[in-house]
Amino acid sequence: MNIVIVGPGAIGSLWATHLHQAGHQVALWGTQNATHWSLQCDEQPKLNFAYNQPDTLHRADLLLITVKAWQVASALPALLEQIADETILLFMHNGMGALEALSDRLAPYPVLLSTTTHGALKPAPDKVLHTGQGQTQIGPFNTPGARCEFVCDVLQHALPQVSWNQHIEHALWQKLAINCAINPLTAIEQISNGELADPRYRARLDNIIAEVAAVMRAEHIPVDQHALRATVDLVIAATARNRSSMHQDVVHQRQTEIDFINGYVVRKAQQHGLAVPVNQQLYQHIQSLQQSWTQA
Ligand code: PAF
């Protein structure tokens with residue numbers, strides 16, 4: 001397939017190298033001023049990719065869009081102008097709600113959503129490290145997307161395990177709950193994920209998950225609150241030495257994904273008349289941190 005990776009950060013670069021190795025024609029699209037880009041995954045040979053070449057968009061069968069949730073709205077219009085109507089759009093990012101305001105514009109295209117637990121790190125612009133084996137779920141955002149289950153086999157061949165989930169929003173909510181619990185707390189406290197196992201964080205983690213579970217129930221998303229809370233502890237243990245993406249964003253004073261993580265839960269809670277004070281407080285704390293950098 002002709003595949004363009006839009007926003008080749010750590011996860012995008014991981015998929016770029018694996019899809020290339022699986023025999024696909026892979027190109028990159030990003031913010032650098034370049035026409036070619038090389039990438040090395042772990043100790044594999046360096047691979048060369050076309051970069052920001054418009055003809056790669058014109059003939060793309062699949063766009064794998066790995067920009068952050070808050071970048072989707074600004075990145076998408078220019079991309080849509082350059083692709084064919086049959087081009088499949090596959091989004092992979094933390095958080096939810098990035099496509100809500102765009103669903104009319106996306107209606108003609110087959111659109112897929114995904115969530116992955118692979119760990120990846122980009123220590124240099126041309127280097128990506130696969131730091132943790134994970135799993136990927138993909139599923140449809142719209143009716144044309146529901147006919148694209150074959151994309152699951154394409155991805156599975158390149159970087160297993162990949163499964164098709166007809167109700168991908170269920171998996172996205174599960175991942176959202178994990179991010180609501182881990183990301184803002186690690187960012188505010190400036191701690192590694194593993195430090196959240198300290199008993200002093202237990203009550204706050206319990207409350208975050210109880211609030212998210214209440215919103216999930218209001219949204220008719222199946223949820224077992226105790227299993228979800230246990231999953232958070234498993235992720236904390238499995239990623240103990242990692243610094244969460246929001247922790248890293250705060251350290252580097254970069255815009256975070258808070259609007260699409262706890263902010264999304266707060267917006268959905270308001271729609272259902274539910275109070276989510278702990279998520280609201282975390283949302284406001286990260287927002288005020290962000291504002292303090294832009295005002296400085
Ligand atoms: O955003 C992140 O950092 C990751 O999604 C997770 C699962 C919290 C692990 O660090």
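## Two crossing helices

Let's start with a pair of helices: the axes of H10 (residues 262-271) and H11 (residues 277-295) come within 9 Å and cross at roughly 135°. Helices here are DSSP runs of H or I with at least four residues, and strands are runs of E with at least two, numbered from the N terminus. An axis is a line fitted to C-alpha atoms, for helices over the stretch in contact, and angles run from 0 to 180 degrees between N-to-C directions.

H10 and H11 are therefore oblique to each other, a word kept for angles that are not under 35 degrees (roughly parallel), over 145 (roughly antiparallel) or 65 to 115 (roughly perpendicular). Their crossing is left-handed, meaning that the near helix is turned anticlockwise from the far one by less than a right angle.

## About the model

This is a predicted model, in which local features need pLDDT of at least 70, side-chain atom pairs count only at pLDDT 80 or more, and totals for chains, interfaces and linings use all residues. Residues are numbered from 1 along each chain as its sequence is written, and side-chain values use heavy atoms, with hydrogens and water left out.

## Around the ligand

Which residues surround the ligand? They are Asn94, Lys175, Asn179, Ile182, Asn183, Asn193, Val235, Ser244 and Ser245, each with a heavy atom within 4 Å of the ligand. Helix H6 (residues 168-189) gives the largest share of this shell, four residues. By type, the shell has two nonpolar, six polar and one charged residue.

Now look at oxygen atoms of the ligand. One is 2.6 Å from a polar side-chain atom of Ser245. For Asn193, the distance from a side-chain N or O atom to a ligand oxygen is 2.9 Å, and for Lys175 it is 3.3 Å. Taken alone, the ligand exposes 280 Å², and the protein buries 84% of that (Shrake-Rupley method, 1.4 Å probe).

Most residues other than glycine have a negative phi, and most peptide bonds are trans. Asn52, which is not a glycine, has a positive phi of about 55°. You will find Asn52 in the loop between strand S4 (47-51) and helix H2 (54-58).

Pro160 and Gln161 are joined by a cis peptide bond, with omega about -5°. Gln161 sits in the loop between helix H5 (150-158) and strand S11 (162-164).

Technical notes. Polar contact = N/O pair within 3.5 Å; in protein donor to acceptor, adjacent residues only side chain to side chain. Nonpolar A, V, L, I, M, F, W, Y, C, P; charged D, E, K, R; others polar.
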